[in-house]
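Morning, everyone. Please bring up the structure on your screens, and we'll walk through a few parts of it.

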Amino acid sequence: MERYERVRLTNPDKVLYPATGTTKAEVFDYYLAIADVMVPHIAGRPVTRKRWPNGVAEASFFEKQLASSAPDWLERGTIVHKSGTTTYPIINTREGLAWIGQQASLEVHVPQWRFTDGEQGPATRIVFDLDPGEGVTMRQLCEVAQSVRELMGDIGLSTYPLTSGSKGLHLYVPLAEPISSRGASVLAKRVAQQLEQAMPKLVTATMTKSLRAGKVFLDWSQNNAAKTTIAPYSLRGRDNPTVAAPRTWDEISDPDLRHLRFDEVLQRVSDDGDLLAELDEDAPAADKLTTYRSMRDASKTPEPVPKEIPKTGNNDKFVIQEHHARRLHYDLRLERDGVLVSFAVPKNLPDSTSVNHLAVHTEDHPMEYLTFHGTIPKGEYGAGSMTVWDTGTYEAEKFRVTDDPDDTHGEIIMTLQGSRINGRYALIQTEGKNWLAHRMKDQKNPQPQDFAPMLATEGSVAKLKATQWAFEGKWDGYRLLVDANRGRLQLRSRRGRDVTGEYPQLKALAADLADHHVILDGEAVALDESGVPSFGEMQNRARSTRVEFWAFDILWLDGRSLLRAKYSDRRKILEALAAGGGLIVPDLLPGDDGPAAMEHVRKKGFEGVVAKKRDSTYQPGRRSASWIKDKIWNTQEVVIGGWRQGEGGRSSGIGALMLGVPGPDGLQFAGRVGTGFTEKELTKLKKMLAPLRTDESPFDQPLPKLDARGVTFVRPELVGEVRYSERTSDNRLRQPSWRGLRPDKTPEEVRWE
């Protein structure tokens with residue numbers, strides 16, 4: 001992903017971890033993927049960043065003060081010190097974490113307190129940093145951690161362990177009632193000193209480095225208000241992309257405990273959720289009304305101040321309010337995703353195409369404001385009387401809103417239908433919050449460039465029911481918008497590029513739909529011999545005779561926009577159009593729920609499932625939670641043909657296994673796998689592979705240079721199984737993860753699945 005909301009990723013291919021080849025794009029994607037579980041543990045806290053702009057092999061620096069160039073939308077918190085004032089970013093959202101990734105701020109550090117009403121608040125949790133001195137083993141660290149847990153349990157407090165991703169362990173203790181940072185430090189110090197007395201040969205509570213050899217330094221000092229600790233789920237700036245990873249106490253008892261990489265942590269969260277969920281249950285959760293609430297006192301204003309945002313409606317209601325504040329102006333509010341996107345328009349919307357009026361983008365308002373009228377008391381934000389000037393519905397052709405001060409690409413094109421105002425209007429961002437309101441001429445005929453494909457959000461369909469969701473297959477092809485206008489055909493890619501000439505096989509669509517002017521959304525697919533869409537076949541589509549357009553949505557039909565129609569209604573129209581012949585509309589997947597749909601696509605060999613809310617509207621260019629895509633991971637039996645030396649902390653010495661599938665002349669190289677193992681498994685594998693060592697490669701072709709470096713070949717006798725995302729045209733497995741040995745299989749039984 002090269003952009004998330006208002007954050008644009010630059011230099012995505014820059015390698016930040018040379019030892020593993022991990023790029024800035026992967027770091028960016030990690031912070032987006034981990035946001036749901038990470039944000040609660042940093043929300044409301046000042047964030048200190050440790051940045052490696054040129055990767056971990058180069059110099060790093062800590063950054064506390066937020067630069068003046070930082071985006072305005074980032075929440076801020078200010079701390080006054082004796083030496084001056086420092087303004088920190090406060091990361092309460094996924095978008096904020098995206099900004100962290102874009103900054104190459106690999107490490108996120110926070111204190112144990114949060115801001116309260118703009119001021120430094122009390123500590124909400126206690127942290128212990130178990131720092132191993134020279135010669136201390138992981139087993140000894142875990143012994144000390146268990147002792148801390150017992151002491152905290154004696155006073156009724158729970159303790160949550162993390163492997164720090166660096167050298168030691170972190171232990172977090174949530175406080176039922178917040179206490180001062182000084183109080184938290186005193187309590188933590190007493191625990192450390194008590195353990196020092198009970199375990200003098202293993203524990204020290206003293207910071208003096210000369211006293212730490214052979215001991216665990218139980219660092220209590222990070223509870224000081226002025227100090228910070230690496231945040232849970234933060235990456236570490238080590239040779240490998242390890243993470244400050246929450247663990248279970250059963251794992252802490254495992255003598256083979258090790259630090260985890262970011263891909264392993266993502267898989268754990270997918271499987272088990274947030275192991276620290278109870279640590280910060282009271283964390284402030286930002287939403288689209290956070291700014292609105294912060295500007296109003298519900299006890300003093302008659303305005304609605306709801307605690308929650310309602311579910312998304314049809315995104316088609318508007319209101320214009322006449323607002324007698326310090327100066328008379330009008331407020332335009334447009335329903336969007338559960339809130340009212342709001343603009344202050346001093347002179348109201350223009351009634352002529354010859355003039356433009358200023359519109360200032362303000363904070364989102366709650367849906368209850370659609371009918372609000374009354375007097376806001378003096379001294380409160382927006383004081384003055386407010387009445388409803390007009391209300392009605394609107395239909396959006398484009399809707400892109402941003403507060404980025406450097407962005408001038410915000411645009412709304414809509415048709416208003418009210419009692420006093422009707423017509424087509426454009427709101428165009430000029431700079432930051434300043435926009436122009438322009439009355440447009442009559443509706444023009446739509447072109448594909450006026451629409452952008454609606455995008456799905458990655459997620460799971462496991463809990464979705466067919467009563468509310470429709471399940472479609474996820475096809476392994478290229479997204480297309482098709483404009484078939486009474487015999488004329490134009491095809492545009494997802495990014496709006498005219499690709500009509502690239503698909504000569506689809507010319508027949510123009511004739512098949514010649515009775516209509518229709519704009520369709522769908523996928524160009526190339527079918528394999530089984531009739532299943534194949535991404536490999538798409539690479540050679542110029543020569544393929546089995547390229548088809550599979551339609552899954554309809555945006556326009558014979559002069560009528562269908563964007564505001566419900567999915568279920570659009571689907572009926574699409575199926576009726578296909579009934580006339582020539583247009584392919586794949587059937588919805590069978591079953592009563594998401595798991596049934598996933599099982600069906602697994603059997604069929606499709607790429608995955610796209611679930612669509614039956615009552616959702618079509619939102620051009622938006623990535624919406626109304627569409628959820630869930631991809632399938634495949635499995636493959638493989639034969640081990642060698643192993644490569646590992647780097648970093650793996651005691652076994654194995655960094656990756658070299659995989660193959662038997663062919664007529666030896667193993668066909670299928671790639672290498674370096675994730676999914678435990679240290680215990682790797683140690684066992686090394687013992688099993690040692691007697692199989694050979695100087696002769698079991699592969700039918702020389703290995704690529706990048707893969708061949710440091711390889712020890714073995715006789716192809718051991719069979720295992722891996723999970724992977726997809727198989728490339730040269731039979732390499734993408735994103736493989738080790739699942740285990742298959743002693744019930746012989747190499748002769750292994751085939752491409």
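Start with an open sheet of four strands, in the order S30-S38-S37-S31, with mixed pairing. Keep in mind that this is a predicted model. Which strands stand at the edges? They are S30, residues 455-458, and S31. Each has a single partner strand, so one side of each is left without a neighbour in the sheet. Neighbouring strands here are turned by 40° against each other on average, direction ignored.

A quick reminder on sheets. Strands pair through backbone hydrogen bonds, and they do so either parallel or antiparallel. Now look at S37 and S38. They pair in the antiparallel sense, over five bridges. Find Lys612, and you will see Trp627 of S38 standing opposite.

Next, the helices on this sheet. Helix H10, residues 567-579, lies across S31, S37 and S38. H10 runs at about 55° to S31. Helix H11 packs on the sheet too, and touches S31, S37 and S38. The direction of H11 makes about 145° with that of S37.

Let's stay with H11. This helix spans residues 594-604. Which of its residues are buried? Gly594, Ala597, Met598 and Val601 are. Seen down the helix axis, these buried residues fall within an arc of 100°, so they line one face of H11. What do they pack against? Three strands: S31 at 469-474, S37 at 608-613 and S38 at 623-631.

Just after H11 comes Gly605, with a positive phi of about 80°.

One more residue in this part of the talk: Asp553. You will find Asp553 in strand S35, residues 547-557. Is Asp553 buried or exposed? Its relative accessible area is 2%, so Asp553 is buried. The side chains of Asp553 and Arg570 are joined by a polar contact of 2.7 Å. Not counting residues up to four places away in sequence, Asp553 also touches others, including Leu520, Tyr567, Leu574, Tyr618 and Trp627.

Now, charges. Side chains of opposite charge can pair when their charged atoms come close. How many salt bridges does the structure hold? The count is 37.

Pair one is Glu107 with Arg236. Their side chains meet in a salt bridge, 3.1 Å from N to O. This pair links distant parts of the chain, 129 residues apart. Glu107 is in strand S9, residues 107-110. Arg236 is in the loop between S16 (229-230) and S17 (242-243). Why does Glu107 count as buried? Because its relative accessibility is 4%, and buried means under 20%. Arg236 comes in at 11%, so Arg236 counts as buried too.

Stay on Glu107 for a moment. Its side chain makes a polar contact with the side chain of His109, at 2.9 Å. The Glu107 side chain also reaches the backbone nitrogen of Gly237, at 2.9 Å. Leave aside neighbours within four places in sequence, and Glu107 still has a list of contacts. Among them are Thr48, Arg49, Lys50, Trp52 and Ile230.

Pair two is Asp131 with Arg212. Their closest N and O atoms are 3.3 Å apart. Asp131 lies in strand S11, residues 119-132, and Arg212 in the loop between S14 (203-204) and S15 (216-219), so the pair ties together parts 81 residues apart in sequence. Asp131 and Arg212 are both buried.

Asp707 has 3%, so Asp707 counts as buried.

Last, the network. Which residues does it link? Arg45, Arg114, Arg125, Asp280 and Asp282 are joined through salt bridges. That's my tour. Thanks.

Note on methods
Residues numbered from 1 in each chain as written. Predicted model: local features only at pLDDT ≥ 70, side-chain atom pairs only at ≥ 80, totals over all residues. Heavy atoms only, no water. Buried < 20%, exposed > 50% of the residue type's maximum accessible area, 1.4 Å probe, protein only. Helix = DSSP H or I, 4+ residues; strand = E, 2+ residues; numbered from the N terminus. Arc of directions from axis to C-beta. Contact = heavy atoms within 4.5 Å. Salt bridge = Lys/Arg side-chain N within 4 Å of Asp/Glu carboxyl O. Pairing = 2+ DSSP bridges. Axes fitted to C-alpha atoms, helices over the stretch in contact; angles between N-to-C directions. Polar contact = N/O pair within 3.5 Å; in protein donor to acceptor, adjacent residues only side chain to side chain.
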